[in-house]
Amino acid sequence: PYFKYECNRMLHCIGGLHVSSAIAAFFWLLISLSNESHGLVVRITGGIILFLVLFLSLTAIPIVRRRFHNIFEYVHRYVGWTCLLVLILHVIFLQIDKYDTFKAAAILNEAVLIVIIIIVIIFLPWMCVRKVYVQFKQPSQDLTIVTFPQALYPYGSTTRVSLDGREWHAFAIALTDPLTNQHSIFCLKGI
């Protein structure tokens with residue numbers, strides 16, 4: 001029980017890390033744009049990123065997210081991808097602004113390496129996506145239990161579920177039947 005508690009608690013830790021990273025990145029970019037001298041294009045792309053992150057954060061406020069969940073999902077997905085593209089352009093223009101000629105330092109510096117790490121972190125889960133056949137039961141209007149026929153994942157971990165391949169939701173995995181080693185996801189309709 002303690003192990004399951006710690007694994008499920010980790011989900012909240014990941015969510016907190018996600019939120020705190022966005023807040024830290026917002027203020028880091030804000031301070032960078034206001035204290036350092038940059039060219040016009042760098043300031044424009046930086047301002048666009050700040051606006052997008054602020055807009056995304058406002059839709060993620062719990063009361064807004066609960067009331068307009070589908071809108072939150074669309075905003076989070078499309079504004080997030082747009083923000084990533086603008087961030088890549090921002091770093092490219094930052095390197096052009098910083099270095100007059102092509103140098104190895106223009107490619108192997110902190111800003112470029114951080115963007116590469118961000119891209120890898122974002123795309124790595126998509127490389128692990130696979131189709132798995134599951135069984136599901138719906139004991140009530142608000143609850144769906146999705147059961148994996150065999151233990152594909154350790155319980156306490158997370159998985160992503162999609163019906164159409166475009167919209168994904170993360171869920172914690174629970175051990176529901178230790179005799180058959182079945183793992184399940186409990187999907188509860190949000191309030």
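I began with threonine 59, which counts as buried because its relative accessibility is 11%, buried meaning under 20% relative accessible area, exposed over 50% and partly exposed in between, with a 1.4 Å probe and protein chains only. Threonine 59 lies in helix H2 and, leaving out residues up to four places away in sequence, touches Val64, Arg65, Phe72 and Val75, where contact means heavy atoms within 4.5 Å.

Before going on I noted that this is a predicted model, in which local features need pLDDT of at least 70 and side-chain atom pairs count only at pLDDT 80 or more, while totals for chains, interfaces and linings use all residues. Residues are numbered from 1 along each chain as its sequence is written, and side-chain values use heavy atoms, with hydrogens and water left out.

I then went through the elements, which are DSSP runs numbered from the N terminus, helices being H or I with at least four residues and strands E with at least two. The chain has six helices and six strands, and from the N terminus on they run α-α-α-α-α-α-β-β-β-β-β-β. Of the 191 residues in the chain, 23% are buried.

Next I looked at H2 (residues 40–59), whose 20 residues reach 29 Å from first C-alpha to last, close to the 28 Å expected when 1.5 Å is multiplied by one less than the number of residues. The buried residues in H2 include Val42, Thr45, Gly46 and Ile49.

Which residues make up the largest nonpolar core? I found 12: Phe26, Leu29, Leu33, Ile49, Leu50, Leu52, Val53, Leu56, Val75, Val79, Cys83 and Val86, a nonpolar core being a set of buried Ala, Val, Leu, Ile, Met, Phe, Trp, Tyr and Cys residues joined through side-chain atoms within 4.5 Å. Helix H1 (2–35), H2 and helix H4 (69–98) are the elements that give two or more residues to this core, and H2 gives the most, with five. Isoleucine 49 touches Leu29, Cys83, Val86, Leu87 and His90, again not counting residues up to four places away in sequence.

Last, I turned to isoleucine 107, which is found in helix H5 (residues 104–107) and counts as partly exposed because its relative accessibility is 40%.
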